[in-house]
Amino acid sequence: MEISGWLIFILLVQVIHGIGTWKLYVKAGRKAWEAFIPVYNGIVLMQIINRPKWWILLLFIPVINLFLFPIIWIETLRTFGKKSTIDMVLGVVTLGFYIAYVNYTQEVTYRANRDLTAPNKTMDTLGSLSFAIVVATLVHTYFIQPYTIPTSSLEKSLLVGDFLFVSKFHYGARTPMTPIAAPMVHDTLPIVKVKSYSAKPSLPYFRFPALQKIERNDIVVFNWPADTLFHMYKAADKRYDKPIDKKTNYVKRCTAIPGDKIEIKEGIVFINGKESILPERAKPQYSYKVAWDGKTPVDLDYIKKELNITDAFGQIANDTLIFSALPQSSVDRLKNIPGLTKVERIIHKETDKTIFPGTKDWNVDNLGPIYIPEAGKTVELNKETIPFYKKVIGEYEGNDLKINGDEIRINGQIATSYTFKQDYYWMMGDNRHNSLDSRYWGFVPADHIVGKPIFIWMSIDGINDGLKNWSIRWDRLFTTVSGDGQPKSYFQYFLIALAAYFAFDYFRKKKKKKEEA
């Protein structure tokens with residue numbers, strides 16, 4: 001739904017609210033017209049039901065307002081003496097229209113100083129639960145979201161089984177585009193495995209001001225632009241288009257930012273003609289072919305254990321060892337193992353038509369140059385360039401794109417150039433030969449950005465191998481994702497602070513009991 005459509009909808013809701021409640025406003029000593037003025041009528045209603053005025057702000061926050069509206073309907077009914085269980089149920093199941101019925105058919109009394117406590121234990125529990133969900137949803141949607149690393153595409157920097165806190169506010173919190181959705185879950189409800197949201201109505205894209213811009217080599221969480229799967233990480237038998245904010249969450253390293261030109265030569269990334277230098281914490285991995293003298297005994301299990309490359313795959317074929325996902329530190333140590341005579345990084349030479357944009361003789365180790373679209377910048381459109389920007393123009397920016405031979409039409413008009421409406425990014429995994437990233441599906445639009453991983457609070461080795469095979473990586477607990485130098489665990493400081501808190505609380509309570517005695 002466009003902004004104009006939402007404005008009309010909000011205005012209609014305000015009119016319905018006024019028609020359905022004006023008599024109650026009068027009963028409370030207010031003027032009838034106060035029930036019809038947008039926003040102001042909400043402030044007045046908060047005064048009538050004796051609730052904080054700032055609640056009205058929460059009504060404009062998608063998803064959170066789904067929980068607050070029923071609370072306000074119930075509070076309104078209770079304020080006018082309708083506090084039986086059936087009254088509260090009718091208030092919720094009729095989406096508040098029961099209030100209009102009361103407004104016109106019931107003789108009610110305004111209770112200005114009513115008891116604000118819940119009428120029974122059940123309502124008290126529901127009230128507490130609703131408040132907890134509102135707070136948790138607010139934090140989850142606009143501040144911090146938990147996230148689990150499911151794949152090894154950023155192996156060594158982020159491990160499979162790392163549990164992260166992802167900041168929404170660093171790059172600017174994005175308001176939900178699907179306002180009718182279950183809180184704190186993504187596209188699928190757990191256990192029942194059904195869709196967790198309604199695609200309609202939808203909200204236009206909006207992002208709050210950012211604390212910082214995405215920089216080259218930042219690790220970023222984003223919605224996978226190419227996601228057409230029915231369930232996350234599972235194959236689908238048909239295309240399934242999702243709203244942007246319900247596409248699968250991915251985490252990769254931002255290799256190129258808007259306006260850059262990226263090129264990969266022999267597996268080395270070049271940005272604007274210069275080799276991209278990764279930060280110290282980054283551990284890029286490649287596949288390697290290792291020559292074996294054919295005589296010295298080679299124990300693959302020993303090698304993997306000694307070099308801490310348990311995630312790499314090794315095999316012997318024709319006096320050659322093949323390893324994948326090796327960082328440079330492991331490569332250097334491999335060279336010193338007896339019987340291994342040569343360590344050579346594998347560079348793909350063959351053409352791979354699955355590599356973006358699918359029209360070039362490129363592969364994962366050799367591609368480009370590719371221009372990364374920047375908002376406000378214009379590119380020439382022709383037979384050679386249109387494959388790069390076809391999805392940007394038609395899908396990401398919502399234009400009607402038609403290509404007929406050499407003729408390109410955008411929204412019915414012949415086009416020889418195009419000006420981008422938003423920024424785009426190029427995302428890649430550090431595990432260069434085992435990462436589904438921009439090399440396969442192209443650009444990541446700015447409106448797909450979710451947030452910045454900032455903290456690892458838990459890390460479990462063997463997370464996908466069953467509970468009995470789990471083991472905690474203690475050295476990764478409470479480590480920061482970004483920063484200079486090698487990661488450092490702050491877990492011991494957390495334990496000290498926690499112990500100090502419990503000690504303080506113990507002596508405080510002990511002192512209080514002594515004073516009361």
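These legends accompany close-up views of a predicted model.

**View 1. Three strands, β14, β15 and β16, form an open sheet.** The strand order is β14-β15-β16, and the pairing is antiparallel. β14 (401-404) and β16 (413-414) are the edge strands; each has a single partner, so one side of each is left without a neighbour in the sheet. Look next at β15 (residues 407-410), which pairs with β16 in the antiparallel sense over two bridges. Here Arg-409 stands opposite Ile-414 of β16.

**View 2. Helix α10 lies across β14 and β15.** This helix spans residues 386-396 and runs at about 150° to β14. Which residues of α10 are buried? They are Ile-386, Phe-388, Tyr-389, Val-392, Ile-393 and Tyr-396. These residues cover an arc of only 160° around the axis, which puts them on the same side of α10.

**View 3. Thr-137 sits in helix α7.** The helix covers residues 121-142. Is Thr-137 buried or exposed? With a relative accessible area of 1%, Thr-137 counts as buried, because the cut-off for that word is under 20%. The side chain of Thr-137 reaches back to the backbone oxygen of Ile-133, at 2.7 Å. Leaving aside residues up to four places away in sequence, Thr-137 touches Val-63, Ile-64, Pro-183 and Met-184.

Definitions and conventions: Residues numbered from 1 in each chain as written. Predicted model: local features only at pLDDT ≥ 70, side-chain atom pairs only at ≥ 80, totals over all residues. Heavy atoms only, no water. Pairing = 2+ DSSP bridges. Helix = DSSP H or I, 4+ residues; strand = E, 2+ residues; numbered from the N terminus. Contact = heavy atoms within 4.5 Å. Axes fitted to C-alpha atoms, helices over the stretch in contact; angles between N-to-C directions. Buried < 20%, exposed > 50% of the residue type's maximum accessible area, 1.4 Å probe, protein only. Arc of directions from axis to C-beta. Polar contact = N/O pair within 3.5 Å; in protein donor to acceptor, adjacent residues only side chain to side chain.
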